[in-house]
Amino acid sequence: MAERVVPVISLDDFERRKDEITQQLVHAAETAGFLTLIDHGLSVEEIEQQFAISKSFFDLPSDVKGKTPHSNVTNNGWEYKAQRRPSTGLYDQKESLWLQHGSHWPSDEDVPGFRDTTAHFMAKCAMISEQLFTCFATALGFPSDYFCVANDVTKPDCLTQLRLIHYPPTVDAAGTWRAGSHTDIGCLTLLFQRDGEDGLEICPGRESHTSFAMGDVFSPLPAKTGQIVVNIGDMLMAWSDDRLKSTFHRVRAMDVGESPSRYSIAYFNQGRRDYIMQGPQKKYPPKSVGEWFKESVERNFAYQQSVTAN
């Protein structure tokens, strides 16, 4: 399986190189829908520290992890193999902890240093996201702070979440899906991976954010500690009048033998619930971010029902 070219973009000397970086980001978003960031301001040590905190949590007994229960209302908390994908009709083979500012977090008694380490990590992710958002806003003809305001994590209606993810080892599962093919519903995702824990594959090919069409070939995106994989979500695709592409992706088990544990961390910029979104060309009618999520979930559910029926 050939590797697709996913641009590697440096954020070094951001203010001086902002125009150059904007061109690179937009080209990546219009084609692959994915890109990889380097020189982004989060050190390898900081990233490894957050992965260590994540592993400490997932190593806990289920009854202790369950002290941070998953809520179907807020989508925060710990869940175990509970996410069913419309593309496969199957449950993803992973567990995860969803976190949001103001939600219930694991205690430092159960996971020493959890709150301070994770809050610091989320703050750094927000800063990196703001840099990207200023570039995309300018390219689309919005004020430079447009998407920053729309995704302001200090506002009580902001839906942005951090997701700590663990894929347990798999045996006799060669070539199966640890996470089924999907796009991200939100605005912009920052994904952190670790060396040797591969499995992420991408497949560009959508022309509309309402389409479930994809190309013919999935290509691997190797995991590298320290880099940030960034992908456009359905919300930003719609907000750009389908100019920026939200690309299908999945996590696949190794073709041969046992797939080891895989840990990843995703920072989902998901907008503010009451913020009104509409693209610069007004291709779609205005709607609130809250309405967007409701309609997206209903559309995915309808697609899942049609797949099951067939």
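Biologist: How many disulfides does the count come to?

Modeller: A disulfide is taken here as a pair of cysteine sulfur atoms within 2.5 Å. Cys135 is in no disulfide, since the nearest cysteine sulfur, that of Cys148, is 9.6 Å away. By this rule the count of disulfides comes to zero.

Biologist: Before we go further, what should I know about the numbering and the kind of model this is?

Modeller: This is a predicted model, in which local features need pLDDT of at least 70 and side-chain atom pairs count only at pLDDT 80 or more, while totals for chains, interfaces and linings use all residues. Side-chain values use heavy atoms, with hydrogens and water left out, and residues are numbered from 1 along each chain as its sequence is written.

Biologist: Is Cys135 buried or exposed, and what is its relative accessible area?

Modeller: Buried means under 20% relative accessible area, exposed means over 50%, and partly exposed lies in between, with a 1.4 Å probe and protein chains only. Another cysteine, Cys203, counts as buried at 1% relative accessibility. Cys135 is also buried, because its relative accessible area is 0%.

Biologist: How many helices and strands does the chain have?

Modeller: Helices (H or I, at least four residues) and strands (E, at least two) are DSSP runs, numbered from the N terminus. Of the 310 residues of the chain, 54% count as buried. Contact means heavy atoms within 4.5 Å, and among contacts between residues at least 6 apart in sequence, 76% join residues at least 24 apart. As for the elements themselves, the chain has seven helices and 14 strands.

Biologist: In E2, which residue is the bridge partner of Val8?

Modeller: Two strands pair if DSSP finds at least two bridges between them, and E1 and E2 pair in the parallel sense over three bridges. E2 is mostly covered, with four of its five residues buried. The bridge partner of Val8 in E2 is Thr36.

Biologist: Strand E12 is mostly covered; which residue stands opposite Phe268?

Modeller: In a regular strand the side chains alternate between the two faces of the sheet. Both faces of E12 (residues 262-269) are covered, with Arg262, Ser264, Ala266 and Phe268 buried on one side and Tyr263, Ile265, Tyr267 and Asn269 buried on the other. E12 pairs in the antiparallel sense with strand E5 (residues 161-167) over seven bridges, and with strand E7 (residues 188-192), also in the antiparallel sense, over five bridges. The residue opposite Phe268 is Thr189.

Biologist: Which side chain does a polar contact of 2.7 Å join to that of Glu201?

Modeller: Glu201 is found in strand E8, residues 200-203, and it counts as buried because its relative accessible area is 6%. A polar contact is a pair of N or O atoms within 3.5 Å; within protein, one must be able to donate a hydrogen and the other to accept it, and residues adjacent in sequence count only if both atoms are side-chain atoms. The side chain joined to Glu201 by the 2.7 Å contact is that of Arg250.

Biologist: How far apart in space are Phe248 and Glu201, C-alpha to C-alpha?

Modeller: Phe248 has its place in strand E11, residues 248-252, and it counts as buried at 5% relative accessibility. Phe248 and Glu201 are 47 residues apart in sequence, and their C-alpha to C-alpha distance in space is 8.6 Å.
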